[in-house]
Structures are given as structure tokens and as C-alpha cells.
Amino acid sequence: MRVEDLPEAVNNTWSIARRCAFMVMKHKPTLPAFPVPEGQSEEEFLRVMSLEGLRKRLTEIELPEEEHPKYLKRLDYELGIINRMGFPGYFLIVADFIQWARRQDIPVGPGRGSGAGSIVAWALTITDINPMEFGLLFERFLNPDRVSMPDFDIDFCKDRREEVRSYIATRYGEDHVGMITAFGKIKGRTALQDAQRVLYHETYGQAAYGFMTAIKDVLPQHADPNKKTESMPILEAYNTNDAFRAKVNEEPIGPILCRMAGKIEGLIRDRSSHAAGAVIGNTKITDITPVIYDPKAGQNGFLVCDFDMKGVESVGLVKFDLLGLVTLSIIHKALLFIKQMHGTSINPSLIPRDDKGVFEMLSEGHATAVFQFEGGGMRDALMKVKPERLEDLIAIVALYRPGPMAYISTYVARKEGEPYETPGGDRCKPILDETYGIMVYQEQVMGVAQEVAGYSLGSADLLRRAMGKKIAEEMKKQEHTFIYGDPESNPPIPGAIARGMTEKDAIKLFNDIKPFADYGFNKSHAAAYAWVGYITAWLKFHYPAEFLAAQISYYDKPEKRSLVKEELDRLGIRMLPPDINFSCTDFRPERDEKSKGGIGVRFGLSAVKGVTDEDGAFEAERTKNGKFKDLSDFMTRVGKITTSDQRSALVACGAFDSLWPVRSQAEEILNWIAGDKGKKKKEELSSDDIFSATGVNAGIVIPEKFKEIAEWGNRADREYSAVGFYFGRHPLDRYLKRMIKGGVRRRRSIVDWLKANNKERINSRRLAVMVEDVKRLRSRKNTEYILLIASEKNDSYTASFFPSNYNQNGGWSLDHIFRVLQGAKISRIPVIMEASISWDGTRSSQFINAVWTANEFLEGVHGDLTVDIKSTEIPPDAALMMGGGDDADILKKVVEKTVKRVEALFLPKTHEKGSTVRIRIDGDSSELIELPGRYLMSNPLEGALMSMPGVIGIHDSLDE
């Protein structure tokens, strides 16, 4: 049946759709009743629990008795607001599942967001930050002047978060608990693909796939910097971007394709369960919202509300954010390792906060693997600020963002003693002196408004929000209130003038506050995350092997693991190679006399490509039946659970070296055994066809032919292929001395020079890198360019080549540079690139001018050369033999003749900047023959020498 044959069928679908319309009724937030002891209300039980928890906290921190009253007063104040606003049940519910998690040894974060400003939350162990110690404000979290639901964002250990969600479902009933839906929308490029697949025009037919791809590739990025990861809307791009419009108009169907794609762009494409959001209803979820059952959600499946975050709130459900923070998992694993290696149990909440060694480590920029501070820009900020207290770390977390970043240099100068005037004068010093007169935090804006103009903290929070949103009418109203007061406010606000400030100074102060309010950071969040960062720094400083073993176990990208390897090298801690008899699934600390501190880090098998070993099968087998004795023992016991590819990867990374040191042979032997050929009994083979050696089971004999297989010449490259980074010898190591002589420098040393000399750019610097990835991309202006992801031994970064450099790079074309880089990536060979490097105060940028392979660039770069001649490799000379004499005399003359041939090859290459050349006979270094003068070595000359009978090698003093 065709649609046009029955048009009423199409009309009826619309009729059915209209009958399905349903109006969702909005409800106020409702929570399930929290079970409290008989005879107590939620308000009373919350007070009892809070007082009990606060007394325990004050005992833990050993606070003097005379300080207790102000804590109790703050607690009473917060409880009054919580009860008056009707939220005691919310606090009890959150405290209940967090306290349960702590009892199950599930790591919980110290706080996130403004909730860390509540002393009730601290007393109930919802948070782990003392708000009184850091001057955090409760009103930033729960404002009595702006009624809205409190919202704790809670970080849990990523590995065990689902256990908490399951507990909540058990506690309140599985039919009362659900997850939130996350809807995925059709993005611009996907819309173009979908439209091309189904669109067929009666005149122009179907748009070619290649044409659609070309359009998709030039679709520019979103103009909004907050949406820089998204593409610009298709129709907006067509109307505003000349390059995009030109590409679309190349075919008559192009504008039609874009118009159709624009219609579906932004529509909902798919749905999934929100990773963190959970809701708890006071009745069955199905009575409140439509649901689906997702068997893959959580541990045993979950009901999933058919509304998104805003939707569930509108129907009265209260959202709880159960977030997974991998850093908590890392800390937990590190603490377990410390207990295993040292027998020491550590409570991270009670570690000293003034550890001088930790702050010195951070001040030197050694922040690899330190939460919040491991990025290059953050390390630079640490080296500038040189933190000496936790408050400095809190300030760095708040300042290191676009906008306030410009004040880091001011913070540093004032910290080092530069005089400054505090905005608002002496009255604001207690509020602003901790950040040297700079308004870094939103709480400081609120504090200044309270002190200078008499705002309540609740109304000061409204001022902060108005400034942040930049609503002109509201800003004008708040400015008048700040300066002149508002007697109708509840409570009345006297204003700055009434509190002793001149009108001129009040106007100036308000204008000074405005930009700070715009970028001011939530101090509660900064304090909580700076504390987590400090904990990781403390663990790294005192237990580096244990902490870094835990850290690298949670990294899933090889380049991240490489950074930890480099940090271990810096600390003098060995990364012990993979070993089938010692390695576990994760990286583990292991006793090692050669490592600083006596503990190394054993490579984890989960980092070997294709070898997840998630259930720890190898370790379990070793624990049960002992170490693997040899290759056949391994195959007998666990061979069935491994594939050929997995065994090859394990061989390539060296995991079987302790069982059979020649890797090429080990791979063949394992495959031979796996193919059932190793089951032949010893008596079935002739004695000439077998050999005995360590590494094979006595019940299986290995053919002699395997012993004759030569070892791989590219072991390092195979290791890299197996694990994604170099944990042994780095490919750049062999070129190091020659690269230094050839003017090659490291990027970090160049950036350090730029910073030390206050320079923004330096041109024509040479860098040696490994190519991790290379792409041909297009800029917003539709200009093709190359993006290189490069790595040095202890560094990784990006570099770009733009066509605008054509006239500056001596004829190097984009195609040529891409071919060199792509070839180097595939072959895993180093390249030398000449680049311009710029520094903008936070990060460096590298712009490529030219590239060479390392061998090509270093062809003329040599140290002193020694040509090795082996006399027994020189074929007999018939003429000399005919001349008579004993064998020794003939051999001497043959060698002399070969030496003269070597001299003859070098003589035309004499050059004052060349290399000294010596000839060594049969490895005897006591009598070297040195050629007069200096000579230039080249690849053709090296080839000619190596093809000469008797020459077995050329040693360069610059090669290791």
C-alpha cells in the first residue's frame, strides 16, 4: 500500500497523537519520612544527631573547650534555618546513606560545592571540611531569603558507588527509588549524516556521501566559548560562515540537505540512565512519573524515570547526586598498599595540614598525579605562588580559571611582601587579608557586603547572584541598596553610607566588587577539592611507590601511565617489568633494593593491550598452586584462558622473560605448545631433535629449531606496541648526545628560558619527539593544517603546522610534512622538528616550520669514530698467499691492506669540523690506528665501510 492511496491513515496518526496529550502537574518537593526513634520528630532527631556528631568532631581536632561555644552557636543557627525551611528529613536521608557507606569502608569525598559550608553537614559526616576553620558560609548553601531545595553533591569511590545506590533502594523500597534519564540530542554533524541517508530530491536525487562528508568536515565550531566542544548550528553556520556556505553551495542539493538537517538538529536522539542522579519518592515512583526498567543500571537493574533532571524536580521528586570520583578510589587503594607494605593504618582526615615537605614538593612543581594540580598550567601556578599553607592551595584552585588567572601574579607579589590597600579599608581586612586584598571567593563578596553595607548573609547571597547574572535592572537596584540601604528589606539593610563610608568611596567599592563577583569562586568547593589534592600530595611525598602504584592502576590511557613512569624515574623508584610470576592485575608496590626507599612498582598486567585479567586469574592460580615453573607449565595451567594475541602481547612486553629470556623463541614455543605439538613424548623424538633448558617442563621437549631463532631487533618497539608507552629504554636515548651536539633541546627547557627572560616567543628551535598521533584538520576559516601530538621522554604536547608558514619553511609543504610525521608514527622512529615556541603565561604553543627523521637530521652529527675490523672475517688474499710466508705473516698483511682501504675511503672526506677516526683490530683497544686529520661521516660512507670485508662495526662516541 502506498501512502497516497490512503491519506486518511496519515491523518489518523495525528488524531491518535493528539489524544495522547497529557498535562504534567507540578508539585512541591516531597521526601519519604525518615525513620526516627519513637517519640521524636525529624527536627528533634536531627538536633540530637548533630550535637552528638559535633562533640565527636571537636574531640578529634582537639579544639580547646573555650572555643566550643561558637561552634555550638553556629550549629544552633543552622538547625534553626534547616527546620524553619522544612529540610531536616533531607539532611537525615543524606547523612544516613553516607554514614552507611563509611561503615562499609566505601570512600566518601570531603565535600563538593557549597554544602561544605554547613557545620551540620560536618557534624553528620556528610562533609569532611570544618567550615569554621576556613570561613565558609552556610548561607551560600542554604539561603533563608531564597527558598530552594538544598543540594548536596556527594563524591563516592567510583568502584563502589553502585553499592550506595543499592542500599538506598533497599532502605526506601526498590519501587520508591529511581534514576534520572539523560537525553542525547542530535548534533549538527550527525544531523547531516541522517539527512543524507534518507533525503531523496525529485530533481537532484540523493546527496553523495562524499559531498555530505565534505560539508560536515567544514562545519565550524560553536562561537560560544562555553560550547567550544560543539559545532555551530547548521543554519547559523550557513548564514554566517562564508567557507561553510561556499562548500554547501557547490552542489544544488547542498542547501536542501542543510535545511533538512537543520530541522532535526537538536531533537532528542537517544536516552540513557544518568550516571549520578537518583531520586527517592514518598510513594511508588510509578505513581509520580513514567518509568522504564533498565537491567544494566546499577548492580541489579533500576527503575529509570522518563524525565530529565528538571522534569523530576517539577513533579516533586528530590534529586540526589551520587558522583563517582576516581581519586577517592586511588587514595583508598594507596592506603591499602601502605598497610600491606608498612603495617600502618592512616586516616587521611587526620594527616597534618602543615607538612613543610609536601609544600616544598608542590612549590617545585612536582605535582604529577596530584589531584587538581597535575596539569602544566597548575604546576606553573604552584611554582609561582610557592604554597606554604592549605589556604594557598585553596586560592590556586579558585584563581586558576579564565578571568581570575590574571590575578595570580598580583597574589604572588603581595604574598612576597608588595604593599597593597584592602578594598573597603580596615573593616574588610579580616575578610580579604587571607588572599592579600584580592576578592577570590564568592564568600568574600558576601562578607564585604555584610560588613560594609549591613546586608544579612542571605541578602548578600542575592547580591552575589545578581552580580553574577548581570541583570541590569537588578544590578541597579542592588547598587542603590549597597550604597544607600533598603529599609523595606527584611531585615532592613542600612547601606554603606549609613555605616560610615562616604558616597564616593561606597560607589567605588561597589564598582570594585562587580568584576570579582563575576568570577569569584565558591570557596566551599575550592576548600574541599584543595584538601583532596593535599591528601594526594601528602601520600605522594611520604609513600611515593604506594601512591603512584595506585594512581597508575586507575589510568586507562598509555600517555598518562607514561607520565607516572617518568615521575617514578625522577624519584629513583624503579618500574619493575611485567612478570607472569610477580605481576598482578593492577600495578603494585614491591620490595626492591635498587629503588629509593626500598620499594619499586611492579607493572600491572591490565596495562598490557588485550590482557585485562579483570578477575585476577593469573594471580589466583599462582596463589593456589605456586609460581609458573616454565612455559609449558604456564600453558598447562592457564593456557586455555588466554588467546594467541594475549600471549604474544605478554611476550612482547617481557612478561615471560624469567621463564625464557629470548622473546622471539618464547612466542614460537608458546604457539607450538598451544597447537598441541608439544604433547609429543620425549621418546617419540630423536635425541638430535631435542634439547634441555631452563624454561620448559620436563614432560614436554622443545625442538632444537626454536633455539636457533634470532632475537627481535626491535624489542623496544614491540614493548611500546604491547603497552602503549616506553617503560624500558626510550627510543630517543640512543640519539641523546648527538642531538645535543646538533642543537636539539627539550621543550621544557625552552619554555623555562622564555619564562625566566620574560619572553613571549622564540623561533627556529629544534625539538626531538616521538609521533603519538598526527591529523589533517581544518580551522574555523576552513584552512587545512596539521596537528601533531608529540612526546619527549618526560613530556608530551601538541604542535601545529599551518599553510601560512609555507614561505617561512624553505619550501616544506603540508603534504611532505604530513608524510614524514605519518611515517614516523607508523614506524615508531623519532623526528626532529624545527618550531617556533610561544608562552602566554599559562601554556606553551608550538608551531612547526620543518621536520626530519632523526637519522636524516643527524647524518652529519657524529662524535669520534672507531672502525672495528675482525681479521678472521677478511677473506684470504690469493696474491699474498702465492707470495709465501707463514699464516701469521699473511694475516698481518691482509689486515694492513684492509686498513689502507678504510683510509682510502675517508681521505676525500677530510674536514676541520669532522670526526677523529680510529681503527681497532680484533677488539684490541690498546693499539688503535688513528688516521691523520678529521673527517665527515655520511650515510653513503657508512654503507661503503660496512660492506667492506672484515669491517664488523662503526662505534660513535656519541652513541650509547
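**Salt bridges, strands and helix packing**

Mentor: Within helix α26 (residues 558-571) we find both R570 and E567, placed three residues apart, which is about one turn of the helix. Please keep in mind throughout that this is a predicted model.

Trainee: What makes the contact of R570 with E567 a salt bridge?

Mentor: The closest N and O atoms of R570 and E567 are 2.8 Å apart, and the definition asks for a side-chain nitrogen of Lys or Arg within 4 Å of a carboxyl oxygen of Asp or Glu, so the pair qualifies. As for the spacing, an α-helix has 3.6 residues a turn, so residues three or four places apart point the same way.

Trainee: Why is E567 called buried, and what is R570 called?

Mentor: Buried means under 20% relative accessible area and exposed means over 50%; E567 has 6%, so it is buried, whereas R570 has 40%, which lies in between, and is therefore partly exposed.

Trainee: How do you know that R245 and D242 form a salt bridge, and where do they lie?

Mentor: Their side chains meet at 2.5 Å, N to O, which is within the 4 Å of the definition. R245 and D242 both belong to helix α11 (residues 242-248), again three residues apart, about one turn of the helix. R245, at 23% relative accessibility, counts as partly exposed, while D242, at 55%, is over the 50% cut-off and therefore counts as exposed.

Trainee: Which residues are linked in a network of salt bridges?

Mentor: The network links D657, R663, E711, R715 and E719. One of its pairs is R715 with E711, whose side chains meet at 2.8 Å, N to O; R715 has a relative accessible area of 29% and is partly exposed, and E711, at 30%, is also partly exposed. The structure holds 44 salt bridges.

Trainee: Turning to helix packing, why are α25 and α26 called roughly antiparallel?

Mentor: Helix α25 (residues 544-554) and α26 pack at an angle of about 170°, with their axes 10 Å apart, and angles over 145 degrees count as roughly antiparallel, so α25 and α26 are given that name. On the α25 side the contact is made by P544, L548, Q551 and I552, and on the α26 side by R561, V564, E567, L568 and L571. These contact residues divide into six nonpolar, one polar and two charged.

Trainee: What makes helix α29 largely enclosed?

Mentor: Seven of the nine residues of α29 (residues 644-652) are buried, so the rest of the structure largely encloses this helix. The buried residues are Q646, R647, S648, A649, L650, V651 and A652, and what covers them includes α27 (617-625), α28 (631-638), α30 (663-674) and α32 (715-723). α29 is followed by G654, whose phi is positive, near 95°.

Trainee: Why are β20 and β21 said to stand at the edges?

Mentor: The strands of this open sheet of four have the order β20-β19-β17-β21, with mixed pairing. β20 (924-930) and β21 (951-956) each have a single partner strand, so one side of each is left without a neighbour in the sheet. Neighbouring strands here are turned by 30° against each other on average, direction ignored.

Trainee: How do you know that β17 and β19 pair?

Mentor: Two strands pair if DSSP finds at least two bridges between them; five bridges join β17 (residues 865-869) to β19 (residues 917-921), so they pair, and they run parallel. In β19, R920 is the bridge partner of D868.

Trainee: What makes β8 and β9 a pair, and what packs on their sheet?

Mentor: The sheet is an open one of three strands in the order β7-β9-β8, with mixed pairing. Four bridges join β8 to β9 (residues 599-602), and the two run antiparallel, with R591 opposite I599 in β9. Helix α14 (residues 326-342) packs on the sheet, touching β8 and β9, and its direction makes about 15° with that of β8.

Trainee: Which way do the residues of β5 point?

Mentor: F302 and V304 point one way from β5 (residues 302-305), L303 and C305 the other way, and all are buried. In a regular strand the side chains alternate between the two faces of the sheet. Four bridges join β4 (residues 291-294) to β5, and these strands run antiparallel, with D294 opposite F302.

Definitions and conventions
Residues numbered from 1 in each chain as written. Predicted model: local features only at pLDDT ≥ 70, side-chain atom pairs only at ≥ 80, totals over all residues. Heavy atoms only, no water. Buried < 20%, exposed > 50% of the residue type's maximum accessible area, 1.4 Å probe, protein only. Axes fitted to C-alpha atoms, helices over the stretch in contact; angles between N-to-C directions. Contact = heavy atoms within 4.5 Å. Parallel < 35°, antiparallel > 145°, perpendicular 65-115°, else oblique. Nonpolar A, V, L, I, M, F, W, Y, C, P; charged D, E, K, R; others polar.
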